[in-house]
Amino acid sequence: MTELQTRFTTEGLVVKESDVGESDRLVTLFTREYGIIKAFASGAKNLKSKKAAATSLLTYSSFSILNKKGTLRIFEATPQATFFTIGSDIETLSLSQYFCELALEFAESGVPNEELLRLILNSLHFLTQKKKFPPLIKAITELRTAVLSGYMPNLVACGNCGKFESDVMYFSLTDGSLSCGECGKTENSQILDRTLLSALRHIVFSEFKKLYSFEIPEKSAVELSKITEKYITVQTDYDFTALRFYNSVCDY
Ligand SMILES: [Zn+2]
């Protein structure tokens, strides 16, 4: 846990915002140096205020903050990048919200988690730039978040006989293990063809700079996204509100 100074600057993504009274905001920031922090931004609802844009949801900004006995107040904020565009489609919006929810769930207060922050920022970038099929971005984000948060599946080989791959493999949602076609189905498992298996392995094992550089057919990406979603949900036993909303509006 990093001790907060009485006055400090940091950069971070606004992952949650709520209104306080007539003109103030309370924002939750996923910061580079301090993980998750909550801070008040007075006058931030005034659209003429410089703080308004910088403290809006899905904006990455630099902040100057005063810490008075643990209560944080933003006194200056400058936007660096925004991942919210007016007129965004509902899929982009709901997935963006879901990525914020992942950050809120897995990043900790006062603890830096640069890898997770980099993942969330890159996924938001690919999503808003429409550079990749959204279910594939979702699958990458979910599984890599799980890996970074202590829920690493064991995708090296069949857990029973050690076979590296076969036409059909089974992926256990319960313990993240693999089983080959010959050893047979394990409890609470998902069936994987070779495309799905190599996609899962890529997301788990690739270095970050290559993480997003692969493509699979859209039909496979949709299947992959269902599997990674079930995996992170079963592993964490967490009910992601934004994920439920995404599934209610995006029916693949
Ligand atoms: Zn086997």
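Tutor: We may. This is a predicted model. Let us begin with helix 3 (residues 114-128) and helix 4 (residues 134-148), whose axes come within 10 Å and cross at roughly 175°.

Student: Why are helix 3 and helix 4 called roughly antiparallel to each other?

Tutor: Angles over 145 degrees count as roughly antiparallel. The axes of helix 3 and helix 4 cross at roughly 175°, and the two helices are therefore roughly antiparallel.

Student: Which residues make the contact between helix 3 and helix 4?

Tutor: Helix 3 contributes E115, L116, L119, S123, F126 and L127. From helix 4 come P134, I137, I140, T141, R144, T145 and L148. By class, this contact has 8 nonpolar, 3 polar and 2 charged residues.

Student: Let us turn to the sheet. What is the order of the strands in the open sheet?

Tutor: The order of its 4 strands is 6-8-7-9, and the pairing is mixed.

Student: What makes strand 6 and strand 9 the edges?

Tutor: Strand 6 (154-158) and strand 9 (189-192) each have a single partner strand, so one side of each is left without a neighbour in the sheet. From one strand to the next, the twist averages 25°.

Student: How do you know that strand 7 and strand 9 pair?

Tutor: Pairing requires at least two bridges. Strand 7 (residues 169-172) is joined to strand 9 by 4 bridges, therefore the two strands pair. They run antiparallel, and M169 has L192 of strand 9 as its bridge partner.

Student: Where does helix 5 lie?

Tutor: Helix 5 (residues 194-205) lies across strand 6, strand 7 and strand 9, and runs at about 135° to strand 6.

Conventions:
Residues numbered from 1 in each chain as written. Predicted model: local features only at pLDDT ≥ 70, side-chain atom pairs only at ≥ 80, totals over all residues. Axes fitted to C-alpha atoms, helices over the stretch in contact; angles between N-to-C directions. Parallel < 35°, antiparallel > 145°, perpendicular 65-115°, else oblique. Contact = placed C-beta atoms within 7 Å. Nonpolar A, V, L, I, M, F, W, Y, C, P; charged D, E, K, R; others polar.
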